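Colleague: I have a chain on the screen and a few things to ask about it. Can we go through it together?

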Amino acid sequence: KNISCWTMDLFTIIFCVIIFIFIINIQSMPFYFHFKMLFEILKTHFLDKSPIDPTKGVNQTFFCGFGELDMYIHMNNSVYHKNADYGRFKLFMKIGFTANIMKKNNWKIHNGGQNLTFKKSILPLRFYNLNTRIHSYSDKWIFVEHQFYNSKKELCAIGIVKLVVKEKRKTIPPVEAFKIINLDLNHDDLYTESHEITY
């Protein structure tokens, strides 16, 4: 009986350790990115229908878990870009690039390049915020800005991603795309002739 109880206690400890390791590393588990992206899309589509100012953008809160750390014990650089994907999906859905619009016009949005400048580290087991907004646009590109803030509201990273709307191989100028989705932007303030924006 004592041996049986000891075996059961050992099994319970091992099981709890495995569950603990799984929980603290869940963000690096296979398909986590895909499930979270699906969750963000469904949440935006069904629950978050309030209008936004595209130049002020959308805000999201994330948590830096152990599975997202690098060897220096702060958030890995790749995590910034991964979370920026969530931000862009949410922003573009909110401003009118919905699944129906994309399918109806046979559109796809492609990433043409991105740069990110780091200011401060995001530490483990901390919440942090991401703001994603329309920065500007040219005759071809839509420039999206990402800003990451820690819980003290200090800027940790800022970057620009340039996106292009495609109908198969045809490039759709941003102004044309904005008209189709009924997005009214102040052209004088946001239009740029540049094809690259960096910080």
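**Notes on the chain**

Modeller: Start with Ile 73, which is partly exposed with a relative accessible area of 49% (buried is under 20%, exposed over 50%, partly exposed in between, with a 1.4 Å probe and protein chains only). Before going on: this is a predicted model, where local features need pLDDT of at least 70, side-chain atom pairs count only at pLDDT 80 or more, and totals for chains, interfaces and linings use all residues. Residues are numbered from 1 along each chain as its sequence is written, and side-chain values use heavy atoms, with hydrogens and water left out.

Colleague: Where is Ile 73, and what is its phi?

Modeller: Ile 73 is in the loop between β1 and α3. Its phi is positive, about 60 degrees, although Ile 73 is not a glycine. Most residues other than glycine have a negative phi. Helices (H or I, at least four residues) and strands (E, at least two) are DSSP runs, numbered from the N terminus.

Colleague: And Phe 31, what about its phi and its place?

Modeller: Phe 31 also has a positive phi, about 70 degrees, and is not a glycine. Phe 31 sits in the loop between α1 and α2 (32–46). Phe 31 is exposed, at 57% relative accessible area.

Colleague: Back to the β1–α3 loop. What does His 74 touch?

Modeller: His 74 is found in that loop, between β1 (58–63) and α3. Neighbours within four places in sequence aside, His 74 is in contact with Glu 68, Leu 69, Ser 121, Ile 122, Leu 123 and Pro 124. Contact means heavy atoms within 4.5 Å.

Colleague: Overall layout, then. How many helices and strands?

Modeller: The chain has six helices and six strands. From the N terminus on, the order is α-α-β-α-α-β-β-β-β-β-α-α. The radius of gyration is 21 Å, well over the 16 Å that the globule rule gives for 199 residues, so the chain is more spread out than a compact globule. That radius is taken over C-alpha atoms, and the rule is 2.2 Å times the number of residues to the power 0.38.

Colleague: What does the C-alpha trace span, and how much is buried?

Modeller: Along its principal axes the C-alpha trace spans about 80 × 40 × 30 Å. Of the 199 residues, 39% count as buried. Among contacts with a separation of 6 or more, 73% come from residues 24 or more positions apart.

Colleague: Which residues have the most contacts inside the largest core?

Modeller: Phe 92, Phe 97, Trp 107 and Phe 178, in a largest nonpolar core of 21 residues. Two or more residues each come from α3 (77–95), β3 (127–137), β4 (142–150), β5 (155–167) and α5 (174–180). A second, separate core has 15 residues, including Leu 69, Tyr 80, Tyr 128 and Leu 130. A nonpolar core is a set of buried Ala, Val, Leu, Ile, Met, Phe, Trp, Tyr and Cys residues joined through side-chain atoms within 4.5 Å.

Colleague: What is Phe 178 in contact with?

Modeller: Beyond its neighbours within four places in sequence, Phe 178 contacts Phe 97, Tyr 137, Ile 142, Leu 183 and Leu 185.

Colleague: New topic. How many aromatic pairs?

Modeller: The structure holds 11. Rings of Phe, Tyr and Trp (its six-membered ring) pair if their centres lie within 6.5 Å; planes under 30 degrees apart are stacked, over 60 edge-to-face, the rest tilted. Phe 11 and Phe 15 are stacked, at 6.4 Å centre to centre with 20 degrees between the planes. Both lie in helix α1 (residues 2–24), four residues apart, about one turn of the helix.

Colleague: Which ring has the charged end of Lys 162 over it?

Modeller: The ring of Trp 141, with the charged end 4.4 Å from its centre. For such a case, NZ of Lys or CZ of Arg must be within 6 Å of the ring centre and within 35 degrees of the ring normal. Lys 36 lies over the face of Tyr 86, 5.4 Å from the ring centre.
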